[in-house]
Amino acid sequence: MAKVTSNTQTRSSGLQNYEVLGVGAGASRGEIKAAYRRLAREVHPDAVGVGAGDEGFIRLHTAYATLADPDQRARYDRAVVAGAGGAMFRRAAAAGAGNRRRTWETDQCW
C-alpha cells in the first residue's frame, strides 16, 4: 500500500507524481487510474472523517491530473529529465573552460 508522502521527501528524487500514486514511470493510463482510485478511497476527506487534512488528497489529485492527461504527462516527464540532466550540465560547466561549447564565431580564423 503506497502512502502519500511529504513533499520534501519526494521532491529530491525527481519523480514526485509517480511516487505519490505509487506507480512506476512506465505505468499505463489504466494503472495510473487504478492507483488513484485505490488511494483516493484511503485519503479522501469524506472517507477519512471530519478534521482530517485535505492536503494528502489534493496532492494525490494533482498528481493524477498531471499523469492522466498525455500532454501534461509528456511535459512533466520532460521537465523531470531536464531537471536531472540540468544538474549534470551545471557540473560540467563548473569543471572548467575545456568544457565550453564552441560556436560559429569562435571557430573563425580571423
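Predicted model: local features only at pLDDT ≥ 70, side-chain atom pairs only at ≥ 80, totals over all residues.

User: How is an aromatic pair described, and what is the geometry of Tyr18 and Tyr76?

Analyst: A pair of aromatic rings is described by the distance of the centres and the angle of the planes. Rings of Phe, Tyr and Trp (its six-membered ring) pair if their centres lie within 6.5 Å; planes under 30 degrees apart count as stacked, over 60 as edge-to-face and the rest as tilted. Tyr18 and Tyr76 form a tilted pair, with 6.0 Å centre to centre and 55° between the planes. This pair links distant parts of the chain, since Tyr18 lies in helix H2 (residues 16-21) and Tyr76 in helix H6 (residues 70-94), 58 residues apart.

User: Are Tyr18 and Tyr76 buried or exposed?

Analyst: Buried means under 20% relative accessible area, exposed over 50%, and partly exposed in between (1.4 Å probe, protein chains only). Both Tyr18 and Tyr76 are buried.

User: What is the geometry of the pair formed by Tyr36 and Tyr64?

Analyst: Tyr36 and Tyr64 are stacked, at 4.1 Å centre to centre and 15° between the planes. Distant parts of the chain are again linked: Tyr36 belongs to helix H3 and Tyr64 to helix H5, 28 residues apart. Tyr36 has a relative accessible area of 14% and is therefore buried.

User: How many helices and strands does the protein have?

Analyst: Helices (H or I, at least four residues) and strands (E, at least two) are DSSP runs, numbered from the N terminus. The protein has six helices and zero strands, and its pattern along the sequence reads α-α-α-α-α-α. Of the 110 residues in the protein, buried residues make up 25%.

User: How many salt bridges does a search of the whole structure find?

Analyst: A salt bridge is a side-chain nitrogen of Lys or Arg within 4 Å of a carboxyl oxygen of Asp or Glu. The search finds one, formed by Glu55 with Arg59, whose closest N and O atoms are 3.4 Å apart.

User: Where do Glu55 and Arg59 lie in the helix, and is Arg59 buried or exposed?

Analyst: Glu55 and Arg59 are four residues apart in helix H5 (residues 55-68), so about one helical turn separates them. Glu55 is exposed, at 57% relative accessibility, whereas Arg59 counts as buried because its relative accessibility is 15%. Arg59 also lies 9.5 Å from Leu21, C-alpha to C-alpha, although 38 residues separate them in sequence.

User: Which residues gather in a patch of positive charge?

Analyst: Patches are made of residues with over 30% relative accessible area and no salt bridge, with like charges joined within 9 Å and nonpolar side chains (Val, Leu, Ile, Met, Phe, Trp, Tyr) within 5 Å. Accessible areas come from the Shrake-Rupley method with a 1.4 Å probe, and for residues only the protein chains shown count as cover. Lys and Arg count as positive and Asp and Glu as negative; His and the chain ends are not counted. The place of a charge is taken as NZ of Lys, CZ of Arg, CG of Asp or CD of Glu. Here, Arg29, Lys33, Arg37, Arg38 and Arg41 gather in a surface patch of positive charge. Lys33, one of them, lies in helix H3 (residues 29-43) and is partly exposed, with a relative accessible area of 37%.

Notes. Residues numbered from 1 in each chain as written. Heavy atoms only, no water.
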